[in-house]
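Subject: Handover of a structure

Dear colleague,

Please find the structure below, with its sequence.

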Amino acid sequence: MGISPWMNKEFAKTSLDKIDTKFKPNTKEQVIYLIEKMQLISTSKILDLGCGAGRHAIEFSKRGLCVTGIDISEVMLEHAKKRATEEQVMVNYIQGNLANLSDLQLQEASYDGAICLCESGVGVMGGENKDYEFFTQVYRLLIPNSYFVLTCFNSLRRYILSKDHNPKFDYLNSTMLWAPPFEYNGEKLNELQRIYAPSEIQLLLRLCGFGDIQVLSCVNGEFSDRRMGIDDIEMLVIAKK
Ligand SMILES: C[S@@+](CC[C@H](N)C(=O)[O-])C[C@H]1O[C@@H](n2cnc3c(N)ncnc32)[C@H](O)[C@@H]1O
């Protein structure tokens, strides 16, 4: 298991270009949807976990919310800070690894919501044990009755595709190779991602204390109340503390 590809500056820069082109245009609609679904108000305090260049954090901040954005990547946070200044909003950005969220010493039961969108931690930290620990920490940080929203890849689709013996998907372990292998400063970068069936992610979240879980559709970054389709690439998961 190598380090996160996001620590590789070239990988981060190339990925940010893709996010800006493909996903950034939908951000405002996603945030409006999330504010309603998560029952947030203009004074809510939220966590953007794996915030990247802050596209959601900035949109929430524009609406008055107090956002703490956490990300492992120096490159992404540099862009996030620059963009927040340009947009004249305040976001509290912290560089940190979601796999060790407790190290950041955030205040327990003090957040009105948390998001982890666009494959920003879930599945890429080293398997379901890491995700279990991460979800447990998120649960600890939230106030009762608040929401945690994440998106992640749908393994059912990969399973269907793997009938053609797709070597990138290991259906026994539900893992997928998601980036070409590379090295950075002599260190191999992690290219393995644990991806989930809807029932698995729900079980994991329930084991961490969450309830009222919905698995919805987010085709092409469009969040909706439609339930996830079996061959959707991604799923939108909403869970209540
Ligand atoms: C595909 S980007 C999405 C960023 C942002 N959520 C968005 O929707 O634009 C994934 C982000 O997750 C961050 N990330 C991945 N693994 C992480 C980890 N273990 N801890 C903190 N951040 C992580 C990456 O640095 C990157 O900024």
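I begin with a pair of helices. Glu 128, Asp 131, Tyr 132 and Phe 135 of helix H5 are in contact with Leu 204, Leu 205 and Leu 207 of helix H7, where contact means that the C-beta atoms of two residues, placed from the backbone, lie within 7 Å. By class, this contact has 5 nonpolar, no polar and 2 charged residues; Ala, Val, Leu, Ile, Met, Phe, Trp, Tyr, Cys and Pro count as nonpolar, Asp, Glu, Lys and Arg as charged, and the others, Gly among them, as polar.

Two remarks on the source are needed here. The model is predicted: local features need pLDDT of at least 70, side-chain atom pairs count only at pLDDT 80 or more, and totals for chains, interfaces and linings use all residues. Residues are numbered from 1 along each chain as its sequence is written. Helices (H or I, at least four residues) and strands (E, at least two) are DSSP runs, numbered from the N terminus.

Axes are lines fitted to C-alpha atoms, for helices over the stretch in contact, and angles run from 0 to 180 degrees between N-to-C directions.

A second pair is H1 and H4, whose axes come within 8 Å and cross at roughly 45°. These two helices are therefore oblique as well. Lys 9, Ala 12, Lys 13 and Leu 16 of H1 make the contact with Val 75, Met 76 and His 79 of H4. Its residues divide into 4 nonpolar, 1 polar and 2 charged.

How many residues of helix H3 (residues 55-62) are buried? The number is 7 of 8, and H3 is mostly covered. A residue is buried if 20 or more other C-beta atoms lie within 10 Å of its own, exposed if 12 or fewer, and partly exposed in between, with C-beta atoms placed from the backbone. The buried residues of H3 include Arg 55, Ile 58 and Phe 60. Among the elements that cover them are helix H2 (27-37), strand E1 (45-49) and strand E2 (66-71). After H3 comes Gly 64, with a positive phi near 95°.

Two residues other than glycine also have a positive phi. For Gln 105 the value is about 50°, and this residue sits in the loop between strand E3 (92-95) and E4. Gln 105 is exposed, with 7 other C-beta atoms within 10 Å. For Cys 118 phi is near 70°, and its place is the loop between E4 and H5. Cys 118 counts as buried, with 20 C-beta neighbours inside 10 Å.

Cys 118 also belongs to the surroundings of the ligand: it is one of the closest residues, together with Trp 6, Gly 50, Gly 52 and Ser 120, in a shell of 22. A residue is near a molecule or strand if its C-beta atom, placed from the backbone, lies within 6 Å of it. The shell has 11 nonpolar, 8 polar and 3 charged residues.

Terms used:
Angles under 35 degrees count as roughly parallel, over 145 as roughly antiparallel, 65 to 115 as roughly perpendicular and the rest as oblique.
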